[in-house]
Amino acid sequence: MIYWELFVAFFIANIVGYGGGPATIPLVEYEVVTRYGWMTVEEFGEVVALSNALPGPIATKMAGYIGFAEAGVLGAGVALFATVMPSLILMIIMLSILMRFKDSPKVKKLSAFVRPTIAVLLGAMTVRFIETSYFDNGWLQTIFLLGSSYYLMEVRRMHPAFVILLALLYGGIFLG
Amino acid sequence: MVQQELFMAFLRVGLLGYGGGPASIPLIQREAVTKYKWMNDDEFSDILAIGNTLPGPIATKMAGYIGYRVAGIGGMINAIIASVIPTVILVIVFLTFLASFREYSFVQGMTNGVLPVVAVMLGVLTWGFVKKANDDLGWLKVVFLVIASIIIIEMFSIHPAIVIGALILYVLIKPIKKAGVVS
């Protein structure tokens with residue numbers, strides 16, 4: 001049964017995830033945390049942080065790990081299959097048909113109309129992470145970490161992997 | 001021979017593509033067009049354009065389709081495995097290692113320290129989506145869609161897939177008023 005649930009969760013998250021891998025993060029979170037309760041917000045945060053720190057496509061890293069954590073190697077295989085195959089099969093079929101429609105305004109509009117909804121999902125997830133950090137770390141630490149990681153990543157353009165490494169160090173020493 | 005080239009090409013793409021799928025597109029282009037000459041620039045941008053209009057992760061769609069074009073179903077599976085499996089194994093090893101030390105308070109602290117960093121990443125991503133939507137649709141439609149999505153998803157707890165599905169249907173069914181609508 002868990003395999004079927006894994007398949008459904010990652011199939012839904014990826015087949016409606018317009019805008020590439022990052023757009024699927026809040027949809028995966030909805031399935032994994034809210035709908036099936038496989039992970040807490042904290043655990044999911046670890047998965048997102050580490051997936052961000054490592055190279056390669058983010059959606060498949062999350063699917064592979066969550067599938068593995070829930071149901072071993074076969075679970076990872078099922079979650080990866082559900083993530084990759086449906087849209088790929090669609091692509092192979094459509095590339096033969098859709099080539100002549102690729103400039104159609106309707107096709108171009110699809111991503112544009114879906115984007116604000118994805119933004120809301122991402123925004124809601126941002127708020128949940130800030131809330132959880134407030135419960136675990138208090139306001140002072142949360143604001144300090146939010147401010148300094150924003151400064152390092154967005155102003156100083158430091159690589160996210162280094163910022164995550166610094167946050168892990170800081171947390172291990174001061175928040176344990 | 002071709003299978004080996006496909007594997008090496010997408011292994012490099014998977015391991016060097018920092019910043020998720022979209023970041024690996026120029027790397028795929030370098031392998032498929034410049035290095036191995038499986039296709040020319042025009043074909044590549046056609047594939048990219050179609051890939052962008054379809055849902056799901058972009059990097060695996062590109063890898064799978066290019067693998068399929070170059071060497072059939074075997075090539076498709078080969079290219080996907082090369083671009084996905086090595087980093088999946090890395091994530092599993094790291095997180096399993098972390099989980100086995102969960103009782104220690106410093107590991108709990110590390111988890112807590114990462115929460116705000118993830119929040120910043122997501123916040124920046126959110127803003128990117130809002131800005132891009134604003135360029136495509138104008139702020140009036142964006143504000144409307146944002147508020148409608150908040151009400152439907154967050155207040156009425158409707159599954160986001162249903163909202164996105166409804167939007168897709170709306171775009172496909174709605175008649176086009178002017179031929180030259182900017183999109």
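A:Arg128 and A:Glu29 form a salt bridge, with the closest N and O atoms 2.6 Å apart; a salt bridge here is a side-chain nitrogen of Lys or Arg within 4 Å of a carboxyl oxygen of Asp or Glu. A:Arg128 lies in helix α5 of chain A and A:Glu29 in helix α2 of chain A, so the pair ties together parts that are 99 residues apart in sequence. Helices are DSSP runs (H or I, at least four residues), numbered from the N terminus.

This is a predicted model, in which local features need pLDDT of at least 70 and side-chain atom pairs count only at pLDDT 80 or more, while totals for chains, interfaces and linings use all residues. Residues are numbered from 1 along each chain as its sequence is written, chains are lettered from A and ligands numbered from 1 in the order in which they are written, and side-chain values use heavy atoms, with hydrogens and water left out.

**Salt bridges**

- Over all chains, the structure holds 7 salt bridges.
- In the pair described above, A:Glu29 is buried at 1% relative accessibility, whereas A:Arg128 is partly exposed at 25% (buried means under 20% relative accessible area, exposed over 50%, partly exposed in between; 1.4 Å probe, protein chains only).
- A:Arg157 forms a salt bridge with A:Glu154, the closest N and O atoms being 3.6 Å apart.
- A:Arg157 counts as exposed at 61% relative accessibility, and A:Glu154 as partly exposed at 23%.

**Interface of chain A and chain B**

- The contact (heavy atoms within 4.5 Å) takes 97 residues from chain A and 90 residues from chain B.
- About 8400 Å² is buried between chain A and chain B, with carbon and sulfur atoms giving 80% of that area; buried area is the accessible area (1.4 Å probe) that two parts lose on being put together, summed over both.
- The rule finds 1 salt bridge across this interface.
- That salt bridge joins the side chains of A:Arg115 and B:Asp136 at 2.7 Å, N to O.
- A:Arg115 is buried, with a relative accessible area of 14%, and B:Asp136 is buried too, at 18%.
- A:Arg115, B:Lys132 and B:Asp136 are linked in a network of salt bridges.
- On the side of chain A that touches chain B, α5(A) gives the most, with 36 residues.

**Domains of chain A**

- The domain assignment gives domain 1 (1-101) and domain 2 (105-175) in chain A; such bounds come from an automatic or database domain assignment.
- The centres of the two domains, taken over C-alpha atoms, are separated by 20 Å.
- Domain 1 of chain A gives 15 residues to the contact and domain 2 of chain A gives 14 residues.
- The two domains bury about 1300 Å² between them, 77% of it on carbon and sulfur atoms.
- In domain 1, A:Tyr18, A:Pro26 and A:Val41 lose the most area to domain 2, together 37% of what that side buries.
- The rule finds 1 salt bridge across the interface of the domains, where the side chains of A:Glu29 and A:Arg128 meet.

Methods. Helices (H or I, at least four residues) and strands (E, at least two) are DSSP runs, numbered from the N terminus.
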